[in-house]
Amino acid sequence: MRIFDISVPLAAGLPTWPGDPCLSLEPVLQLEKGDGAQVSRITLGDHSGTHLDTPAHMLENGATLDDIPLSQLLGRALVADLRGCAEIGLAELAGLQLAGEKRLLLRTDNSALWTNPEFCPDFIALTAEGAQYLVSNGIRLVGIDYLSIESFHGDGAVHRTLLGNGVVILEGLNLSEVPAGRYELVCLPLRIAGGAGAPARAVLRQF
């Protein structure tokens, strides 16, 4: 059984969305200094690295992490290989076999961006029409391989369409080693009470 870790490491040099807190790992106790344990202080935003967006991220009074059932984050997922596409709209999604699928992960050219510690604004994103198409086809979780499902120049419509219809968004994936196909997704965000989002560990397991 092959397992793919599709989370990006929380490490120095991790790109962050402009204006979001940068990741900081600060040693507090160190064995080499004679302390009795190794302990660090971690500072990061709740949308750092691989993370989940809940409706509360963009919608007033939207559902928070407490309201998202784990069953929505666990189970069969389709990985679609959309490398070479400039955007993900109706034309790109129409060729996918989405019947019966609830979870969709979009592999794009974005996965190569993780080698650059600087934020790259020209990433591949889902269009508003594409978001509506996924809602209409019963998708309940959609993931993508950079820090946002929506274009850097977007107005929030993609997020609002998805989140307003109960679709959770898994952003910041690294799908560079994952062939297209169907897998079992295990996605466990940090259990932040009332959280609008949270870093997550996400893995795929082949059937």
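Colleague: What makes Glu184 and Arg205 a salt bridge?

Modeller: First, the ground rules: this is a predicted model, where local features need pLDDT of at least 70 and side-chain atom pairs count only at pLDDT 80 or more, while totals for chains, interfaces and linings use all residues. Residues are numbered from 1 along each chain as its sequence is written, and side-chain values use heavy atoms, with hydrogens and water left out. Now your pair: a salt bridge is a side-chain nitrogen of Lys or Arg within 4 Å of a carboxyl oxygen of Asp or Glu. The closest N and O atoms of Glu184 and Arg205 are 2.4 Å apart, so the pair qualifies.

Colleague: Where do Glu184 and Arg205 sit in the chain?

Modeller: Glu184 is in strand S9 (residues 181-189) and Arg205 in strand S10, 21 residues apart, so the pair links distant parts of the chain. Strands here are DSSP runs of E with at least two residues, helices are runs of H or I with at least four, and both are numbered from the N terminus.

Colleague: How many salt bridges do you get by this rule?

Modeller: Six. Another one is Arg201 with Asp5, with the closest N and O atoms 2.6 Å apart. Arg201 belongs to strand S10 (residues 197-206) and Asp5 to strand S1 (residues 3-5), so this bridge ties together parts that are 196 residues apart in sequence.

Colleague: Why is Arg201 called exposed, and what does Asp5 count as?

Modeller: Buried means under 20% relative accessible area, exposed over 50%, and partly exposed in between (1.4 Å probe, protein chains only). Arg201 has 54%, so the label is exposed. Asp5 has 38%, so that residue counts as partly exposed.

Colleague: How do you know that Arg76 and Glu101 form a salt bridge?

Modeller: Their closest N and O atoms are 3.2 Å apart, so the pair meets the cut-off. Arg76 lies in strand S5 (residues 74-81), and Glu101 in the loop between helix H1 (90-93) and strand S6 (103-107). Glu101 is buried at 3% relative accessibility, whereas Arg76 is partly exposed at 37%. Arg76, Glu101 and Arg182 are also linked in a network of salt bridges.

Colleague: On to the rings. What makes Phe119 and Phe123 an edge-to-face pair?

Modeller: A pair of aromatic rings is described by the distance of the centres and the angle of the planes. Rings of Phe, Tyr and Trp (its six-membered ring) pair if their centres lie within 6.5 Å; planes under 30 degrees apart count as stacked, over 60 as edge-to-face and the rest as tilted. Phe119 and Phe123 are 6.3 Å centre to centre with 70° between the planes, so they pair, and edge-to-face is the label.

Colleague: And why is the pair of Phe123 and Tyr146 called tilted?

Modeller: The centres are 5.4 Å apart and the planes stand at 45°, so the pair is tilted. Phe123 is in the loop between S6 and H2, and Tyr146 in the loop between S7 and H3. Both residues are buried; Phe123 has a relative accessibility of 7%.

Colleague: Which residues do ring pairs link into a cluster?

Modeller: Trp17, Trp114, Phe119, Phe123, Tyr146 and Phe152. The whole structure has nine aromatic pairs.
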